[in-house]
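Please consult the sequence and the structure shown below.

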Amino acid sequence: VSKEMCDYLNESLSKFSPVDENGYAALFVDPTSVDPQDKYFFNSLDELDKDQVILRDLVNLIQQAASNQFNIQKSLMSVDRINYRTFKDGQFFHYHIDQCGEGGAIYTALLYLNDDYEGGEIVFYDIEFGQDGPFEAFHPTPGTLFCFRGDHNSPHEVLPVLSGTRANIAMNFRLWD
């Protein structure tokens, strides 16, 4: 994804999907797992405007990339959730593995929308040693897409943002056995 597209997405998402105090805007949550009265972005749309069509198409491309990365048929992967996520000064995400509900393997895709912030690196840890072992830290450029097995195989965290605002789109897919 180009830097220009990332800028466009970041601007559009910040307009029609305001984030909560933790920096989250839920764009989609599997409607079978939430109260139907909840108004998540994709769940509540009757008609799509230009920005929403672009985001929908991007979601399809990200799902295809994750499918290709893990050699899994796209039709076997269901979207569990999509979040627009920002981290501002001092915000971070603690050491964790991605777990969304029950059943099926979880795959995560993170699309980075900007890099004009300090800190906020994503850190992946060796599963054998956890936080005490070797790790790899990344400060991705706009348009970078990370796809990884989000559950027990990939413990990770986001270090505190020191200045600026870090933005990405985070998607979780479930593979049903």
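The largest pocket is lined by 21 residues, and Y24, F93, H96, D98 and A170 are those nearest its centre. The model is predicted: local features require pLDDT of at least 70, side-chain atom pairs count only at pLDDT 80 or more, and totals for chains, interfaces and linings use all residues. Residues are numbered from 1 along each chain as its sequence is written, and side-chain values use heavy atoms, with hydrogens and water left out.

**Largest pocket**
- The volume of the largest pocket is about 320 Å³, a volume being the space filled by probe spheres set on grid points, which are joined across faces, edges and corners.
- A pocket is defined on a 1 Å grid over the protein atoms alone, as an open set of points where a 1.4 Å probe fits, with protein on both sides within 12 Å along at least five of seven lines; lining residues have an atom within 4 Å of a point.
- At least two lining residues come from each of β2, β3, β4 (105-112), β9 (156-158) and β11.

**Overall composition**
- The protein chain contains two helices and eleven strands, taken as DSSP runs (helices H or I, at least four residues; strands E, at least two) and numbered from the N terminus.
- The order of elements from the N terminus is α-β-α-β-β-β-β-β-β-β-β-β-β.

**Helices**
- Helix α1 (residues 3-16) has 14 residues, and its first and last C-alpha atoms lie 20 Å apart, close to the expected 20 Å; the expected span is 1.5 Å times one less than the number of residues.
- The buried residues in α1 are C6, L9, N10, S12 and L13.
- Helix α2 (residues 50-70) has 21 residues and should span 30 Å, which agrees with the 31 Å between its end C-alpha atoms.
- Q52, L55, L58, V59, I62, Q63, A66 and S67 are the buried residues of α2.
- N71 follows α2 and has a positive phi, near 55°.

**Strands β2 and β11**
- Strand β2 (residues 77-87) is largely enclosed by the rest of the structure, because nine of its eleven residues are buried.
- Ten bridges link β2 and strand β11 (residues 166-175) in the antiparallel sense; strands count as paired if DSSP finds at least two bridges between them.
- N83 has A170 in β11 as its bridge partner, and A170 is also among the residues nearest the centre of the largest pocket.
- N172 belongs to β11 and is buried, at a relative accessible area of 9%.
- The side chains of N172 and T108 form a polar contact of 2.9 Å (a pair of N or O atoms within 3.5 Å; within protein, one must be able to donate a hydrogen and the other to accept it, and residues adjacent in sequence count only if both atoms are side-chain atoms).

**Four-stranded sheet**
- Four strands form an open sheet in the order β3-β9-β6-β7, with antiparallel pairing.
- β3 (93-96) and β7 (135-138) are the edge strands, each with a single partner, so one side of each has no neighbour in the sheet.
- Strand β6 (residues 122-125) runs antiparallel to β7 and is joined to it by four bridges; I122 stands opposite F138 in β7.

**Loop between β8 and β9**
- S154 lies in the loop between β8 (145-149) and β9 and is buried, at 13% relative accessibility.
- A polar atom of the S154 side chain lies 2.8 Å from the backbone oxygen of R149.

Note on methods
Buried means under 20% relative accessible area, exposed over 50%, partly exposed in between (1.4 Å probe, protein chains only).
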